[in-house]
Amino acid sequence: METEWKSMLEAAFPGEEHRYFLPMSIGGTPAVADSGAAAILDGSKVATSSPCWDYPDGQIPFVGALSILLDGQARPCAIVETRRVEIIPFGAVDDDFARAYGEGDRTLAWWRSEIGEWYRTSAARHAEEFSDETPIICEWIAVVRRL
């Protein structure tokens with residue numbers, strides 16, 4: 001973890017080192033990261049997801065984890081806390097999660113189409129298989145401090 005980000009977590013949550021987790025950025029482009037960060041900050045996005053291949057060491061987000069939220073220029077904007085984590089098959093994601101995801105029209109159809117395409121592209125880049133059975137890390141988050 002970069003020293004600057006760790007210092008921010010230590011200043012906000014001293015003595016909680018066991019909760020510090022990797023910085024968080026939404027999407028794969030600066031524009032998407034900016035809009036994702038804005039949606040998290042305004043409370044419309046309270047969930048996110050990741051493929052397991054993003055964590056090859058097996059160290060996935062956990063309940064109580066504290067992460068620095070980064071915008072599209074990798075600038076810190078907030079500290080977020082992971083409130084809930086579930087690993088479920090992509091095809092088992094439900095309407096509630098799609099709504100909490102806070103992007104697009106917040107429907108399951110949109111989520112499966114758009115986020116599914118993102119996962120298909122990501123899987124190909126990582127030489128991974130992707131299907132409705134692919135496990136996805138579903139994470140519910142809350143802003144605990146704006147930076």
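Leaving aside neighbours within four places in sequence, Thr48 touches Ile26, Phe97, Tyr101, Ile137, Cys138 and Glu139, where contact means heavy atoms within 4.5 Å. This is a predicted model, so local features need pLDDT of at least 70, side-chain atom pairs count only at pLDDT 80 or more, and totals for chains, interfaces and linings use all residues. Residues are numbered from 1 along each chain as its sequence is written, and side-chain values use heavy atoms, with hydrogens and water left out.

**Exercise 1.** Work out whether Thr48 is buried or exposed.

*Solution.* Start with the cut-offs: buried is under 20% relative accessible area, exposed is over 50%, and partly exposed is in between (1.4 Å probe, protein chains only). Thr48 has 8% relative accessibility, so Thr48 counts as buried.

**Exercise 2.** Find how far apart Thr48 and Arg125 are in sequence and in space.

**Exercise 3.** Describe the lining of the largest pocket by class.

*Solution.* First, the classes: Ala, Val, Leu, Ile, Met, Phe, Trp, Tyr, Cys and Pro are nonpolar, Asp, Glu, Lys and Arg are charged, and the others, Gly among them, are polar. The lining has 13 nonpolar, eight polar and four charged residues.

**Exercise 4.** Do that again for the second largest pocket.

*Solution.* Here the lining has eight nonpolar, one polar and two charged residues.
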